[in-house]
Amino acid sequence: LTFPLLSVTLLVSFGSSMLYGYNLAVVNSPAVYIKAFYNATWSRRYGHGLAPGPLTLLYSLTVSIFALGGLVGSLLVGVLVERYGRNGALSRSALLVLLAGGFMGFSRELESPEMVIIGRSITGLHSGRCCLGCGAVHSPFLVARSPTAHSQGAGEDFIFPMATGSAVEVIFICLGIFFAQVLGLPELLGKDRFWPLFLSVVVVPTSLQLLLLHCFPESPRYLLIERNDVCGATKALRRFLGTPDVQDVIEEMKEEQRSLSSVEMVSVWQLLRDCSVRWQTLSVAVVNAGMQLSGIDAIWFYTNTIFENAGIPASQIPYTTVGTGAIEIVAGLIGCFTIEKLGRRPLIITGFCAMGICSAGITASLLLQTTLPWMRYISVACVVGIIAGFCMGPAGVPFLMTAELFTQSHRPAAYIVGGFLSWLCNFTVGFVFPFLQMSAGAFCYLVFCGICLLVALYVYFIIPETKNKTFMEISHIFA
């Protein structure tokens, strides 16, 4: 692992995966102040404040519209990469974040809640392009060419095995969430006068990425396969690998280029109608949707509200939230080191089961806390269990599993299906959870419990272990 490779990996992850994690958690601590701003602005405009229902609706839209932007961005990422390359696509996406930061940073001075909502949607558009889109822009920097049939031609460059690369993304997402939680402490930006600045901090890592990204060569694979620029790919490889002898790698990529030229890519509609991969397509849909409907998005978006309902004293909630973020990073690291050793199935089944049990535990603790005050700490432990279960299992597996269940001809369409469902379910949870909490109370977490256990059962009975198996072997097991 050479210094240029390590540097570009950290830089791209810093401005994409970590930024995605930051945007997931940044609306948590300033929720009270943002709602107060919306209410005051509405009162000045129309002479009366917002009722609790419309105020919750407006704030839920602010939280969840990030995912709608991500959905749109994920559908555009392929066009951007094909037209501008990895560096070009990242640079153009970074400019969007600067625009979004301006909208959110000046929203209070201009008395415009609409600017907050627009800014959130633009940051989602950036995350969809750079982090969770079909064939994510920065993934080719994070994963390595693999000689096994099931991952050859997946669009990888030369750093980590694909499983480890997927886990690295999870770690940076966890770091982004943790930084948002730390900056949201009352001693830092967790005050009323600072919340616009808190939301617009996203411009800092993006600006750094924008300034430094052009110091590194374009993706060698993009230069050779997409642009047929052998000279440029050779120079980039020499820079990345730190050696003048890269001819073997060039020949390998040329072989891949020849194989890709003979492959006819399948559209989404063709994928959905293809009986030979029906169970694989259904599996991708179940795992990606289940990952977002597991309740983890509710935890990230509304952590402080969950702890407040659990009876945690208001003065302790910010620090409890930071503690969960620290545990989240540890769980992500554990997942990174175990995904190749334990395989995909055990991690994802154990993760979903743990999340389901902990969701039921939150319901039980909320129902019993009036008679047993110490149950509030059980609620905190269950929240930690949901986060740990997610980071060690479901977080890093869906992207990896999609690559291993399909050949190159079907893989881009499968990523579109998985990414679309992932962002759509993210939006659904972010928008619906406050209303679900108001209507069902403590029992709302049983919805997440049921989903988690059903997904775990589906994986146990339907999806085989994909570690070290070729596509043909996996297809035979499905058949």
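Predicted model: local features only at pLDDT ≥ 70, side-chain atom pairs only at ≥ 80, totals over all residues.
Residues are numbered from 1 along each chain as its sequence is written, and side-chain values use heavy atoms, with hydrogens and water left out.

Okay, rings. Searching the whole structure turns up 16 aromatic pairs, meaning Phe, Tyr or Trp rings (the six-membered one for Trp) with centres within 6.5 Å; planes under 30 degrees apart are stacked, over 60 edge-to-face, and the rest tilted. Phe-178 and Phe-179 make a tilted pair, 6.4 Å between centres and 45 degrees between planes. Elsewhere, ring pairs join Phe-301, Tyr-302, Phe-433, Tyr-445 and Phe-448 into a cluster.

Now, Trp-374. You'll find Trp-374 in the loop between H18 and H19. With 48% relative accessibility, Trp-374 is partly exposed (buried is under 20% relative accessible area, exposed over 50%, partly exposed in between, using a 1.4 Å probe and protein chains only). Helices here are DSSP runs, H or I, of at least four residues, numbered from the N terminus.

Last stop: Glu-465, sitting in the loop between helix H22 (444–461) and helix H23 (471–478). So is Glu-465 buried or exposed? Glu-465 counts as buried, because its relative accessibility is 19%. Its side chain reaches the backbone nitrogen of Arg-345 at 3.1 Å. Leaving out residues up to four places away in sequence, Glu-465 touches Leu-342, Gly-343, Arg-344, Arg-345 and Pro-346, where touching means heavy atoms within 4.5 Å.

Note on methods
Helix = DSSP H or I, 4+ residues; strand = E, 2+ residues; numbered from the N terminus. Polar contact = N/O pair within 3.5 Å; in protein donor to acceptor, adjacent residues only side chain to side chain.
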